[in-house]
Amino acid sequence: MLNFDEAGFLSIQAGALALAPQIDAAIGAALAAGASNIHFLGTGGAAIVMRPAVQLLRLRSSFPVFDDPTAELLVSGSRNLTPGSIVVIPSQSGTTRESVEILELAHSRGATVVTLVGNRDTPLGQGGDHVLVNATTDATSSENYYLQGLLVALSVLRHRQEIDDYEALLSGLRTLPQELVNMKRIMEPRAVDYARALASRDYHILTAAGSAWPEACSYGMCVLEEMQWIRVRPVHASDFFHGTFELLEPGVSVVLLKGEDATRPLAERVERFVASIGGGLSVIDTRDFPSIGLSDDLRALLTPVILTTVLERVSAQLEVIRNHPLSTRRYFRRVSY
């Protein structure tokens, strides 16, 4: 596969899953001490990949969960950030400015802080009450943090007795790293066509629903905009027919991500409408990437993980087709802002 380190990928995703006991111990200790809510407070893309965990808890738990924009919380505050809060802060670098500042604020409020980092020798790697470390790369970080967020949410559900198949789900995850590599292999011959479609237009509408929606936001913002300077308009499938569809005409590019949870009909509604208009429709559907060891319930939970792993193959082709390395930036970490 093009520019793909299979051994490194397998090691990183196995490393993320190996953190399950530490994550469960940290969450269990906080809940046993009387935690009253949980906040997922990453910055930028690291915040987006926590959203499936937030969604899962809102669907299946009565435990209060918050995911305020970190920079906004820093200037406006939140009465829900208290000594009873669990604060989860993901950051690959461990140095993201707003995340370091929220760490300090959380500690000042007496909250319990769990940091998910790629390097222990960083402010976030040193500053958490519970520090979970798994070294990763830009190309492999999304799967890593989606999985860690999922493990946090599942642990909350387990300790609150709001789930009865925790051990079965964890057992099912053991084969996931290799399953993801197999999915990448399936995507590889198709990735060129997807990349050419993205490269051939300078504007795209990117839409999804449910647990696929965070990946639409993440891929649109972190890859197409930040790494490729391609203009994209992410819109939730629920909102597609409240403004966005008026922009459709033949040739307008719509990229639809389809998952396997209860919101799939929302994506299918968009698919039918765009096809009827004659828009430039590209569909990436997790059902096109079968697995052997993953149950239907687990696949639904892993929708964003599957999508990000196959979209990485598109990104690898896109940077070659556009002669635009994914590491190229104008402003990010290059100028003051």
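**Domain contact**

Reply: Arg 185 and Glu 6 form a salt bridge in which the closest N and O atoms are 2.9 Å apart, a salt bridge being a side-chain nitrogen of Lys or Arg within 4 Å of a carboxyl oxygen of Asp or Glu. This is a predicted model, where local features need pLDDT of at least 70, side-chain atom pairs count only at pLDDT 80 or more, and totals for chains, interfaces and linings use all residues. Residues are numbered from 1 along each chain as its sequence is written, and side-chain values use heavy atoms, with hydrogens and water left out.

Me: Where do the domains run?

Reply: Domain 1 covers 6-172 and domain 2 covers 179-322, with bounds that come from an automatic or database domain assignment. The contact, meaning heavy atoms within 4.5 Å, takes 20 residues from domain 1 and 22 residues from domain 2.

Me: And how many salt bridges cross the interface?

Reply: The rule finds two salt bridges across the interface of domain 1 and domain 2.

Me: What area is buried between domain 1 and domain 2?

Reply: About 1700 Å² is buried, and carbon and sulfur atoms give 72% of that; buried area is the accessible area (1.4 Å probe) that two parts lose on being put together, summed over both. On the domain 1 side, Ile 48, Glu 143 and Tyr 146 lose the most area to domain 2, together 27% of what that side buries.

Me: What box does the chain fill?

Reply: Along the principal axes, the C-alpha atoms of the chain fill a box of roughly 55 × 45 × 45 Å.
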